[in-house]
Structures are given as structure tokens and as C-alpha cells.
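Hi everyone, thanks for coming. Let me walk you through some side-chain contacts today. Please have a look at the sequence and the structure first.

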Amino acid sequence: MESRKERKVALGFLLIGAGYLAYNITYPLDSWNNPGPGVFPLIVGVTFLLLSAWQLRSTFRIPQNRLESQEKQRELARVKSFVRGHGEARPFLLILVFSLYILLIKGIGFFPSNFLFVVATSRLLGARDWVRPIGLAGGIDLFCYLLFEVWLKLSLPKGMFL
């Protein structure tokens, strides 16, 4: 029963992604050195389609052993405990972190505030250690730098550090 619902949701996401790409096809891509307004929606749409296809594929996967089903049960228990008990404050904390992020962008700049935002939200959403959130934040900052500063030649807020 659950996998049928998951398949429907994944198919719905695939349709939304295809519609998004079909709508954004009217924007010009221009050249690789001087990308047009259609490049970013194309990247987002293709990423959305790939993630939706991956989700759809995972609904057909049968757990190979009891370890996978135990992990799924643990994940379900974590979600239930979030909804029932200790997680009631998390949405408010996430709103607070997001508000601080928006306020800090002009003050300390995009990259430091983005780094702190990703680390804080990762920890609030259940990351158990610090290594993965810090690596994720560094990777996202590097990706944003390469995409916006290097490739698209757009200036992001520098803040007081630069």
C-alpha cells in the first residue's frame, strides 16, 4: 500500500517536472560562455526530473535483507518521535534560523551566512555529527561560487569580510 502511494507521488513529481521544463523552454539558453535566462530553470528542471525518477525507481526496490527493513522501521520511529514529542519546537527553530540567515546575508555576506545556515539546518533536521553538515555546507558554497561568481559572473553580497 505504501509503495503504491509513493509511486503515485513520484509520478506526480515527474509530471510536474516535465511541465516545468515544457513551460521554461521559451526562455533562450544563449551560449555556454554567456548563458541566457533559460539555463538556471533548465538545470533545476532536469535535477527535479532526475530526483523524481530516482524516487520512482526506489519504489520498485524490494528490501534485500532484514537490515534494510530494520533501518526503515528506525526511520519511521524517528519521524513519529519528531511529530509526537521532542520535535515540536524544530519548525519554529527552523523559521528562526532562516530569518537569521536572511538578516546575516547583508551583514557578513552570502557565503559565510549560507555556510552557517546549512550547518544549523542540517543539525536541526537530524544530522548526528558535525562532519557531514560542514562538508555539505562547504560543497554548497563551492557550487554557488562556481555557478554564480565564476560561470554566470554575478556578484553575491560580500558583507563585511570582503
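One term before we start: a residue is partly exposed when its relative accessible area falls between the buried limit, under 20%, and the exposed limit, over 50%. Keep in mind that this is a predicted model.

So where does Lys 158 fall? At 34% relative accessibility, Lys 158 is partly exposed. Its side chain meets that of Glu 149 in a salt bridge, at 3.1 Å from N to O. Glu 149, on the other hand, is buried, because its relative accessible area is 19%. As for salt bridges in total, the count is 1.

Now to the aromatic rings. How many aromatic pairs does a search of the whole structure find? There are 7. One of them joins Phe 110 and Phe 111: the ring centres are 5.2 Å apart and the planes stand at 80°, so we call this pair edge-to-face. Phe 110 is buried, at 12% relative accessible area.

Phe 111 also pairs with Tyr 145, again edge-to-face, with centres 6.1 Å apart and planes at 65°. I like this pair, as it links distant parts of the chain: Phe 111 sits in helix α5, residues 110-124, and Tyr 145 in helix α6, residues 131-151, 34 residues apart. Tyr 145 is partly exposed, with a relative accessible area of 40%.

Elsewhere, ring pairs tie Phe 98, Tyr 101 and Phe 117 into a cluster.

Notes. Residues are numbered from 1 along each chain as its sequence is written. This is a predicted model: local features need pLDDT of at least 70, side-chain atom pairs count only at pLDDT 80 or more; totals for chains, interfaces and linings use all residues. Side-chain values use heavy atoms; hydrogens and water are left out. Rings of Phe, Tyr and Trp (its six-membered ring) pair if their centres lie within 6.5 Å; planes under 30 degrees apart count as stacked, over 60 as edge-to-face and the rest as tilted. Buried means under 20% relative accessible area, exposed over 50%, partly exposed in between (1.4 Å probe, protein chains only). Helices (H or I, at least four residues) and strands (E, at least two) are DSSP runs, numbered from the N terminus. A salt bridge is a side-chain nitrogen of Lys or Arg within 4 Å of a carboxyl oxygen of Asp or Glu.
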